[in-house]
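I opened this notebook to keep track of what I look up. The entries follow in the order I made them.

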Amino acid sequence: MKTLKDTAIGETVKVVKLHGEGPVKRRIMDMGITKGVEVYVRKVAPLGDPMELNVRGYELSVRKADAELIEVE
Amino acid sequence: MDIKIALAGNPNSGKTTLFNDLTGSQQYVGNWPGVTVEKKEGKLKGHKDVVIQDLPGIYSLSPYTLEEVVSRTYLVNEKPDAIINIVDGTNIERNLYLTTQLLELNIPTVIALNMIDLVRKNGDKVDAKALSEKLGVEVVELSALKGEGSAEVAEKAIKLAKEKNLGSRSAILDNDVEGVIQNIEAEIKGSVDDNLLRWNAIKLFERDSKAVEAINLPSDKKQKIETLIENCEKALDDDSESIITNQRYNYITGIVKDTVKKARAKGELSVSDKIDKIVTNRILGLPIFAVIMFLIYAIAMGGWTVSIGTAATDFTNDVIFGEWVPGLFDVILGALHVEEGTVLYGLIQDGIVAGVGAVIGFVPQMLVLFLLLSILEDVGYMSRVAFVMDRIFRQFGLSGKSFIPCLVATGCGVPGVMASRTIENERDRRMTVMTTTFMPCGAKLPIIGLIAGAIFGGSPWVAASAYFIGIASIVISGIILKKFKAFAGEPAPFVMELPAYHIPSVGGVLRATWERGWSFIKRAGSVIVISSIVIWFLSAFGSVNGTFGLVDNLFEDESIVTDEYVAKLADRMDISEDDVNPMDASLLASVGNAVSFVFKPLGFGSWKPTVATVTGLVAKEEVVGTFGVLYNYDEDAAGEELGDEGEGIWERVAADYTPIAAFAFMVFNLLCAPCFAAIGAIKREMNNRKWTWAAIGYMTLWAYVLAFIVYNVGGLIVGEVAFGVGSIIGIALVIGIIYLLVRKGYKPDESVKSLTAVNAAA
């Protein structure tokens, strides 16, 4: 299973499924990361975590621990 | 009747700008009941009967964050007459997600399509008319920053409110789910407000705990609904919450495809992207961060020529409240024949003027600092600070944004505590407020200077150790506290928008600066002034040889101050007769003498350091000032400034304390309850009596424990203190701290875990 955490910088991927449950998952979905959406991995913070994504035309940052819950193609 | 209009929208959508534009200066700022979320309302300019209610910036109406719950509760229970939904035109897709939820509330709604000037500048096209037709609600183009369109938005909202015009809203959900929702609607019809039928049906479908609780259906209906949901979940192979979210976004994607044309090709960088590419760059990110933080520190706190903040505060303290105001009051009191040395004169000059001065003195520096922070926030750098620092700070349970309060607190704890306002997560904010004043602030430096100079021959290691102890206290407290129930849980999820950089608006920045400064003056002012008066009273009054009054005056009367009395006082206070001064007879000295036993285990249990510690509550530099008085250091006679070499006082201090006791004294004073000004700021930020006392109590306890360990265990190690009960307790405390650090903390029940302490809002 490939997750968003494993996605290289500069790569665009399509979200397949969101794992986990509860508030964090809901928050991630509320911010626009839903099934089928394209996510571009912009960069990783200077200290290696969190990562910056471009989704639905804006910039979003998520921790790698949370990005691991997002399964991508 | 008044018309109530709610202003709702995402963070960074320009909501505050629009609110200021609509209401002008007619604003009332408070807090939502029971929580520290700021509540703002105001009267619409030119309309005395229209109230605009600003809701917190939110992305959704989920039950998981305080801001969202506050907004939901307001919209559902207060039923505003209309909603102005502000939508960032440069970021329509995500902004419309909230819109789809607002539309379910069946309240007349107008969409204010903001930043339309930026949309045009980018060469993008948004077809407002088509958007309006598809959503079934009015859409007005707006540039809040330039003030274009805001009057039209307000007029439209008033018109809709008066007509109770809901528009003709389109179906958001697709057929399968729509069918299930309609079935749920049929089940709950009659149990809920008819207008909120759709809202409640969807919330029940999502198994939204707050809605389920509020509706309280009979169990057979609950069972029936649960079966409906489960069947739908099986059919679509997803959980119900995800189903709804997916459908909302699918609906939006469909609309956006037809109404928004982006000029920029996919993957092409905007100006903001290009800036960000450098600013949060893997290699340059940290150096740039360091430079920006240094500049803030230098301008607001430092002691250089660029340090406007320090200069302004010094001016206020030394000139305005050092000469002008006392001088003015001298003239006024003189004209009223209130003589120096009377009670009234003392109360006004030494109590009130000095007390107010202690508060106002912080204000210029705070304003400079808040100005800089507001600019950073407005530009969009603040969220990048969190982005860059998150990795480090979440190790000890704080957020990346906690860095700024800690940095600022090295200048002054008051703005440090207030800078925590930018941390959205309530738990992180409370933790930051509780620990940030551990940093040695500017006013604590004289204490460090005194101990280093008098006891340790001016060794720079003393100051270095003070900063080390401050930082270590924050880190250790963070780790220990987050294992307790009140702070437990995963660190707040860091799913954060990094808003596009933009040029800050002068008006908005100045306004935000002033609001923060004023809220401090207003709320904290009273606490500090009253406390200062109490301390003044205790230090000025006392019983001299059986006569109660102002000690300074009584000591001038030879008939009262007999040699016999002086000998007795010297004996009671355990000092030589030559050293007796008026303050020894004050109430404060008596109190200090009575409670000094508390500090015996810390090695400085005589009344002088006790009194110095208490006066430190007024302002930390007072600790040194009090030492100056108590050790009879006479500025005039010695002809040298206390700040100079101060050898007069140093020798006497050195004679009174062992190095380890002096160090314990310093540790205690650096870490214990901060000055009244900072306590006032803590009270303001906690907005809760219990949490304020918890914070102060924790700091004082931590200071006591640490000073105890320093004196007893440290003393044992360097051979100054003999082995005894104290050493055993000290070692036990060290073990206790280590246990608290490594123990398995409280784990919240996963099913009730939420992003913030939402229950407080219920």
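Is strand β2 (residues 38-44) of chain A largely enclosed by the rest of the structure or left open, and why? I note before answering that the model is predicted. I find that five of the seven residues of β2(A) are buried, so the strand is largely enclosed by the rest of the structure. Buried here stands for under 20% relative accessible area.

Entry on the neighbours of β2(A). I looked at strand β1 (residues 12-18) of chain A, which runs antiparallel to β2(A) and is joined to it by three bridges. Here A:K14 stands opposite A:E38 of β2(A). I then turned to strand β3 (residues 51-55) of chain A, which pairs with β2(A) over five bridges, again in the antiparallel sense. Within this pairing I noted A:V41 opposite A:L53 of β3(A), and A:Y40 with A:N54 of β3(A) as its bridge partner. The hairpin made by β2(A) and β3(A) has six residues between the strands, and A:G48 there takes a positive phi near 95 degrees.

Entry on the whole sheet. I traced an open sheet of six strands, in the order β5(A)-β1(A)-β2(A)-β3(A)-β4(A)-β10(B), with antiparallel pairing. Its edge strands are β5 (70-72) of chain A and β10 (496-497) of chain B, each of which pairs on one side only. As a reminder to myself, strands of a sheet pair through backbone hydrogen bonds.

Entry on two helices of chain B. I checked helix α21 (residues 445-455) of chain B and found eight of its 11 residues buried, so this helix is largely enclosed by the rest of the structure. Among the buried residues are B:I447, B:I448, B:L450 and B:I451, and B:A452, B:G453, B:A454 and B:I455 also belong to them. After α21(B) comes B:G457, which has a positive phi near 60 degrees.

Which residues make the nonpolar surface patch of about 500 Å²? I list B:V291, B:F294, B:L295, B:W304 and B:V306. Of these I followed up B:L295, which lies in helix α13 (residues 285-300) of chain B. B:L295 is partly exposed, with a relative accessible area of 44%.

Terms used. Residues are numbered from 1 along each chain as its sequence is written. Chains are lettered from A and ligands numbered from 1 in the order in which they are written. This is a predicted model: local features need pLDDT of at least 70, side-chain atom pairs count only at pLDDT 80 or more; totals for chains, interfaces and linings use all residues. Side-chain values use heavy atoms; hydrogens and water are left out. Buried means under 20% relative accessible area, exposed over 50%, partly exposed in between (1.4 Å probe, protein chains only). Helices (H or I, at least four residues) and strands (E, at least two) are DSSP runs, numbered from the N terminus. Two strands pair if DSSP finds at least two bridges between them. Patches are made of residues with over 30% relative accessible area and no salt bridge: like charges are joined within 9 Å, nonpolar side chains (Val, Leu, Ile, Met, Phe, Trp, Tyr) within 5 Å. Accessible areas come from the Shrake-Rupley method with a 1.4 Å probe; for residues, only the protein chains shown count as cover. A salt bridge is a side-chain nitrogen of Lys or Arg within 4 Å of a carboxyl oxygen of Asp or Glu.
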